[in-house]
Amino acid sequence: AQAYKGSPEHFFTALYKNALQSEGFIVKNLVKKKNPEYVPPVEVDENIERASKKIEENKGRYFSDVLTILENKKKQTDSIEVISRGAFHISDLLQQKTENLKSIHFNGALYVIYTQEGESSSYASSGYSIARPEDYTRYQVSVVNHANRELNFYSDGRIFDPASIVVEGYMAYERIADMVPRDYLVTDY
């Protein structure tokens, strides 16, 4: 039961049953937007060159901090991920495909917060940890991405095409070690 709670199977079963809130899940839409502070690397390199010449001319005065700022600009990406803060009605995105199969169509990714359990102490240094707003720091946070625009899943939470989904964050951290058998029945939690 402990391995099942907060797992991808648990999430998709709750989604199938339209029981996300009662099962402890909050879902937000995560979309990529253009980074307003992005500067193309060519322009950054030109600015670094100009700043370096100014530093030489002024014997290092005034411009040394500028080089640090410009070097940090080179690390920025052209897009940033933004979590929707407004109402996100995930049930509106679902479609019944067959008796036991539903599909979901969404842009971006699903930002999944599981509120019934905290993260383990070893998770923060595991390499799986993802950024989150302060109001979600005490919860398990995961991101569900899809390879296609359509993600199909069964009533028991299994994914129709496992290659069509990429999971990040806490669900990825616990993924293989804490998988439950396919015939696992939820009884005691």
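**Aromatic pairs and the sheet**

The count of aromatic pairs comes to eleven. The model is a predicted one. A pair of aromatic rings is described by the distance of the centres and the angle of the planes.

Take Tyr16 and Phe153. Their ring centres lie 6.2 Å apart. The planes meet at 80 degrees, and over 60 counts as edge-to-face, so this pair is edge-to-face. Tyr16 sits in helix α1 and Phe153 in strand β7, so the pair links parts of the chain 137 residues apart. Tyr16 is buried, at 12% relative accessible area. Phe153 is buried too, at 0%.

Now turn to Tyr111 and Tyr136. Here the centres are 6.3 Å apart and the planes stand at 45 degrees, so the pair is tilted. Tyr111 belongs to strand β5 (residues 109-114), while Tyr136 is in the loop between β5 and β6 (140-146). The pair therefore ties together parts 25 residues apart in sequence. Both tyrosines, Tyr111 and Tyr136, are buried.

Tyr16 and Phe153 also belong to one aromatic cluster, with Phe11, Phe12, Phe25 and Tyr114.

In β4, Lys102 is the bridge partner of Gln96. Strands β3 and β4 (residues 101-105) pair antiparallel over four bridges. The open sheet has three strands, in the order β3-β4-β7, with antiparallel pairing. Its edge strands are β3 (94-98) and β7 (150-154). The twist averages 30 degrees from one strand to the next. Helix α1 (residues 8-16) packs on this sheet and touches β3, β4 and β7. Its direction makes about 90 degrees with that of β7.

Note on methods. Residues numbered from 1 in each chain as written. Predicted model: local features only at pLDDT ≥ 70, side-chain atom pairs only at ≥ 80, totals over all residues. Heavy atoms only, no water. Pairing = 2+ DSSP bridges. Helix = DSSP H or I, 4+ residues; strand = E, 2+ residues; numbered from the N terminus. Axes fitted to C-alpha atoms, helices over the stretch in contact; angles between N-to-C directions. Contact = heavy atoms within 4.5 Å. Phe/Tyr/Trp six-rings, centres within 6.5 Å; stacked < 30°, edge-to-face > 60°. Buried < 20%, exposed > 50% of the residue type's maximum accessible area, 1.4 Å probe, protein only.
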